[in-house]
Amino acid sequence: IFLLSLIVQILEGRAYRLQFPWIGVVNRSQQDINKSVDMIAARRRERDYFANTPEYKHLAHRMGSEHLAKSLSKHLESVIKSRIPGLQSLITKTVAELETELTRLGKPIANDAGGKLYTIMEICRMFDGIYKEHLDGVRPGGEKIYHVFDNQFPVAIKRLQFDKQLSMENVRKLITEADGYQPHLIAPEQGYRRLIESCLVSIRGPAEAAVDTVHGILKELVHKAINETHELKQFPTLRVEVGNAAFESLERMRDESKKNTLKLVDMETSYLTVDFFRKLPQDVEKGGNPSHSIFDRYNDSYLRRIGTTVLAYVNMVSSTLRNSIPKSIVYCQVREAKRSLLDHFFTELGAREIRQLSKLLDEDPAVMERRTNLAKRLELYRSAQAEIDAVAWSK
């Protein structure tokens, strides 16, 4: 009787209290197992035992294997739900890591020629977009071109030192030699032209240097854009082809730019602005004695005046070229690089066969296998994420 009373007190939670209440069960005996008593009958006998035994009758509603199963199931559900936020966080983190890795590896390659061509074109457009961002100032590098126009080119023109080219000795030499055996009658026009031409021709050097410097900057930006185009890292052969195509285009643009830029200098050399000289005060007296030899006819004052006039004209023209040459370079090189850097490459791509396109997309087989495995893992984690979210929202 004492033991039975103690058992009841334990089941009621008075003798020894637990976080989760005690639950009494009646298991099948060995004799029941030998007689093959099924579980349904055993559970029925268990319910009858607790319901009809006076000591357990008041506890019958929370006794038995069925109540134990329900309690454990409820407790397990509670534990699982308490762990859901942590599971969600872990799965979300893993999904993000897998997506990042798949992005780094790039998209899978299409099998057909159209799909391969589309992939190549899209990658080239990404490169072209990044290249334009460098030129437009979204990314660094394009400002170097402005530095050429605003600093290097003007400084190079100043270094020509036109005033030294128009020294008294040079002016006297060219003026006296310009007319050959037949001296001029009024003003030494041929001498003026030779003096001006000798100065303006020297601007060709800085002009060519500006074209070449901008060309070097544009090539440097191609390297940067290639390195910043993540998709090109996936295909080494395509990376080389795009770079070579871009450099070839820049070479053509440089040649065209140099031709047009030097034309600007040659135009100024071949045809002078007459109004500039018409507005100058006319010389009444050259100085010296007209009866003297042409080599002795002009005094220093007159020759100095010629040198000053020519220097003023050359400075005016060089100021004009300082503005027009950068415009020519931008129009022929920078603008064209933005508009048609890969146009020749695109035209050539359209004529290539699938075998040649496949060669451009020569991805490492190990990378392809890894991408496939990562995609499968990602699909499993996303499925698990959806199921856990459904459970979480059903709370």
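**D266 is partly exposed, with a relative accessibility of 35%.** The label rests on relative accessible area: buried is under 20%, exposed is over 50%, and partly exposed is in between (1.4 Å probe, protein chains only). The structure is a predicted model, in which local features need pLDDT of at least 70 and side-chain atom pairs count only at pLDDT 80 or more, while totals for chains, interfaces and linings use all residues. Residues are numbered from 1 along each chain as its sequence is written, and side-chain values use heavy atoms, with hydrogens and water left out. The side chain of D266 meets that of R204 in a salt bridge, at 2.7 Å from N to O. D266 belongs to helix α12 (residues 236-270) and R204 to helix α10 (residues 204-228), so the contact ties together parts that are 62 residues apart in sequence. R204 is also partly exposed, at 26%. A salt bridge here is a side-chain nitrogen of Lys or Arg within 4 Å of a carboxyl oxygen of Asp or Glu. Helices are DSSP runs (H or I, at least four residues), numbered from the N terminus, as are strands (E, at least two).

**A salt bridge joins the side chains of D136 and K338.** The N to O distance is 2.8 Å. Because D136 sits in helix α5 and K338 in helix α14 (residues 300-340), this pair ties together parts that are 202 residues apart in sequence. Both ends are partly exposed: D136 has a relative accessibility of 48%, and K338 has a relative accessible area of 29%. In the whole structure, 19 salt bridges are found.

**E348 and R352 form a salt bridge.** Their closest N and O atoms are 2.8 Å apart. The two partners fall into separate accessibility classes: E348 is partly exposed at 42%, whereas R352 is buried at 17%.

Two elements, α5 (113-136) and α11 (230-233), each give two or more residues to the lining. Helix α5 provides the largest share, 5 residues. The lining comprises 5 nonpolar, 5 polar and 3 charged residues, where Ala, Val, Leu, Ile, Met, Phe, Trp, Tyr, Cys and Pro are nonpolar, Asp, Glu, Lys and Arg charged, and the others, Gly among them, polar. The pocket holds about 280 Å³ of space. A pocket is an open set of points on a 1 Å grid over the protein atoms alone, where a 1.4 Å probe fits, with protein on both sides within 12 Å along at least five of seven lines; lining residues have an atom within 4 Å of a point.

**V25, L68 and L72 form a nonpolar surface patch.** Together these residues have about 220 Å² of accessible area, computed by the Shrake-Rupley method with a 1.4 Å probe. Patch members have over 30% relative accessible area and no salt bridge, and nonpolar side chains are joined within 5 Å (like charges within 9 Å). L68 is part of helix α4 (residues 65-105) and is partly exposed, with a relative accessibility of 30%.

**E169 is exposed, with a relative accessibility of 58%.** This residue lies in helix α8 (residues 168-178). The C-alpha atoms of E169 and L303 are 9.3 Å apart, although 134 residues separate the two along the chain.

Notes
Grid points are joined across faces, edges and corners, and a volume is the space filled by probe spheres set on the points.
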